[in-house]
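User: Hey, I'm new to this one. Can you walk me through what I'm looking at?

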Amino acid sequence: MPKCPICQKEIDRLIHIQWGKRTQLYIKDSVGRGVSIQEYDFASNQVGIFKCPACKRVLFEIEEEAEAFLKGEKVEVQV
């Protein structure tokens, strides 16, 4: 199991945070009640971050590097 290079705790997962947009539309249904329709858009070209679940520090910004790290492959961590 890989260890966080910052806090040295063994971790089996990373926290992934990705920014996007949420569109919320309010409409009236057939009986006049307000209904909310929400749409989420996370574009594949947007930057995300991968954090250690123990110390919450950012370790990666590239998904392939984060996956390789969790598989135990040697990857340079962005400290």
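Predicted model: local features only at pLDDT ≥ 70, side-chain atom pairs only at ≥ 80, totals over all residues.

User: OK, what pattern does the protein chain follow along the sequence?

Analyst: The order is β-β-β-β-β-α. That comes to 1 helix and 5 strands.

User: How much of the protein chain is buried?

Analyst: Of its 79 residues, 19% count as buried. Buried means under 20% relative accessible area, exposed over 50%, and partly exposed in between (1.4 Å probe, protein chains only).

User: Which residues of helix 1 are buried?

Analyst: In helix 1 (residues 63-70), those are Ala66, Ala68 and Phe69. They sit on the same side of helix 1 because they cover an arc of only 165 degrees around the axis. The arc is that of the directions from the helix axis to the C-beta atoms.

User: And what covers them?

Analyst: The cover includes strand 4 (48-51) and strand 5 (58-60). Just past helix 1, Gly72 has a positive phi of about 90 degrees.

User: Which residues make up the largest nonpolar core?

Analyst: There are 10: Cys4, Ile11, Leu14, Phe50, Cys52, Leu59, Phe60, Ala66, Phe69 and Val77. Strand 5 and helix 1 each give this core at least two residues. A nonpolar core here is a set of buried Ala, Val, Leu, Ile, Met, Phe, Trp, Tyr and Cys residues joined through side-chain atoms within 4.5 Å.

User: Switching topic, how many salt bridges are there?

Analyst: The count is 1 salt bridge (a side-chain nitrogen of Lys or Arg within 4 Å of a carboxyl oxygen of Asp or Glu). Arg13 pairs with Asp12, and their closest N and O atoms are 3.3 Å apart.

User: Is Asp12 buried, partly exposed or exposed?

Analyst: Asp12 counts as partly exposed, because its relative accessibility is 47%.

User: Last one: which residues form the nonpolar patch on the surface?

Analyst: Leu25, Ile27 and Ile37, with about 250 Å² of accessible area together. Patches use residues with over 30% relative accessible area and no salt bridge, joining like charges within 9 Å and nonpolar side chains (Val, Leu, Ile, Met, Phe, Trp, Tyr) within 5 Å. Areas come from the Shrake-Rupley method with a 1.4 Å probe, and for residues only the protein chains shown count as cover. Ile27 lies in strand 2 (residues 21-28).

Key: Residues numbered from 1 in each chain as written. Heavy atoms only, no water. Helix = DSSP H or I, 4+ residues; strand = E, 2+ residues; numbered from the N terminus. Contact = heavy atoms within 4.5 Å.
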